[in-house]
Amino acid sequence: MKRSTGLLVVTALGLSACGSGEPATPSAGGAEQVTITVACQPAKSAPKERQAWDDDVATFMKAHPGVTVKSTDQQPCFDPKTFGPKLAGGQMETVFVVPVTNYADVIAKGQALDITAYTGEIKNWNDLRSDVRELVTKDGKIYGVPNVHYGVGLVYNRKLFTEAGLDPNTPPTTWAEIREAAKKIAGLGSGHVGYGEYSGGNTGGWHFTQAIYGRGGSILTPDNKQAAFNSPEGKAVLQTLHDMRWTDNSMGNKLLVGWESLMMAMGSGKVGMMLGAPDVVTDVVNKFKGNVADYGITGFPEAKASLSGGEAFMVNPKATPAEAKAGLQWLDFRYNTVGKGRFDFARGKTIGNPVGVPDNDVYGDSATGKAIQADRKANASLPVENYEPYVQAAATIPPKAEPPHAQELYAILDVVMSGVLSRKDADIDKLLADAETKANAVLAAKG
């Protein structure tokens, strides 16, 4: 969800570029000609990152004669509103992003290619964490290349903490402390928001899930058959947000609907805190012009568990063997090679990226993971001590996966979040009860 604003249908490229199943043809020089489309090209609004991507495409094609890579102009890579129709319509790229919440459904519907025979193209495949590899495996067959794995913390603006008379080196550890800090930051005036929260685009329900997990609650019953969020923990989440919004006046007057709206607000330098994974800092700086030195990350407050999520790349089932192989080779180069592509931290530092932000890497503490972390630290462009509270906390908080049918449930819970944040007289009990009824109907239909 952290990357969700839009996907573009690649009609201009033609279906053959999306994995048509047509055989590749040899070139005059003898190399087999194959064209693949790939997702996640950075937006034009991030010209340095886009140029780095284009440079990687050129480097890759030079190293793989006969392979043509066409990029879809889309950021972020996943939009729950368009993902399903695009997938069902056969308009996905040769390699495309799937959030962990959708793995099972995509695989079950035959909308991802069995890539077991091609995993050797990912040279460090065996160094990928076994738990994240298991998530893309069904009946012994592999359907994806894990790309992201994350845990939630509290992202905060250290500069605003200082301006509000707060110590940025001792960030909040409880919700009561968050409320007090938020009031002081909002008190700076001029549109300052102490605490930012989503209310729509499935991100409201996603953040509700983060918050209820932290309080020890659940979205579903243990058998995943019924909703479990109409609970004391669920009410506590909503009551806290309601009080911050309407009693403390620390959440601003603008309803932040989706991913981009809150990221833009954070990038403006006037939002004090939000729940999020470490990549929030990267996105805020790279895509929304935030000051790299301003942000810190600490542990999830009072957390009994932390939402754990991620994403993988999957391959269009229409892809020919040559297209599938080329697609995996692209993923190996761009996303899985130390010092290259997304792990080219030296380049990232040069173009102004916030190098040094921690993450829960899919490579863990394997040899590849250690090499990535060492390279990241060696090229750090920001004080890594700003993130040490998160690193320490993340190691002690149990991870909890997103619920089955997450996107449908998040859409239902968006209404609850929007209601609390947009109406002072919102009836929390009724909002939760109505959402519970709708969620149970969805779950019954899903079987």
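# Pocket, cores and a covered helix

Me: How do the residues lining the second largest pocket divide into nonpolar, polar and charged?
Reply: The lining has 8 nonpolar, 3 polar and 4 charged residues. Here Ala, Val, Leu, Ile, Met, Phe, Trp, Tyr, Cys and Pro count as nonpolar, Asp, Glu, Lys and Arg as charged, and the others, Gly among them, as polar.

Me: What kind of model is this, and how are residues numbered?
Reply: This is a predicted model, where local features need pLDDT of at least 70 and side-chain atom pairs count only at pLDDT 80 or more, while totals for chains, interfaces and linings use all residues. Residues are numbered from 1 along each chain as its sequence is written, and side-chain values use heavy atoms, with hydrogens and water left out.

Me: Back to that pocket. What volume does the second largest pocket have?
Reply: About 340 Å³. A pocket is an open set of points on a 1 Å grid over the protein atoms alone, where a 1.4 Å probe fits, with protein on both sides within 12 Å along at least five of seven lines; lining residues have an atom within 4 Å of a point. Points are joined across faces, edges and corners, and the volume is the space filled by probe spheres set on them.

Me: Which residues lie nearest its centre?
Reply: Gly356, Pro358, Gln373, Glu388 and Val391, out of 15 lining residues. Helices H13 (367-378) and H14 (388-394) are the elements giving two or more residues to that lining, and H14 gives the most, with 4. Helices are DSSP runs (H or I, at least four residues), numbered from the N terminus.

Me: Switching to packing. How many residues are in the largest nonpolar core?
Reply: It has 74, and Tyr195, Phe208, Ile219, Phe229, Met263 and Met273 have the most contacts inside it. Helix H15 (residues 406-422) supplies the largest share, 9 residues. Apart from that core lies another one, of 53 residues, including Val67, Val132, Val145 and Ala312. A nonpolar core is a set of buried Ala, Val, Leu, Ile, Met, Phe, Trp, Tyr and Cys residues joined through side-chain atoms within 4.5 Å.

Me: What does Phe229 touch?
Reply: Leaving out residues up to four places away in sequence, Phe229 touches Phe208, Ile212, Ser218, Ile219, Gly234, Leu413, Leu432, Ala435, Glu436 and Ala439. Contact means heavy atoms within 4.5 Å.

Me: Is helix H7 mostly covered or mostly open?
Reply: Mostly covered, with 12 of its 12 residues buried, among them Trp206, His207 and Gln210. Buried means under 20% relative accessible area, exposed over 50%, and partly exposed in between (1.4 Å probe, protein chains only).

Me: How far does H7 reach?
Reply: H7 (residues 203-214) reaches 17 Å from its first C-alpha to its last, close to the 16 Å expected at 1.5 Å a residue. That expected span is 1.5 Å times one less than the number of residues. Just after H7, Gly216 takes a positive phi of about 95 degrees.

Me: And Val237, buried or exposed?
Reply: Val237 counts as buried because its relative accessibility is 3%. Val237 lies in helix H8 and, beyond residues up to four places away in sequence, touches Phe208, Ala211, Ile212 and Arg215.

Me: Where does Asp243 lie?
Reply: In H8 (residues 232-247). Asp243 is buried, at 18%, and touches Arg179 and Asp248, again not counting residues up to four places away in sequence.
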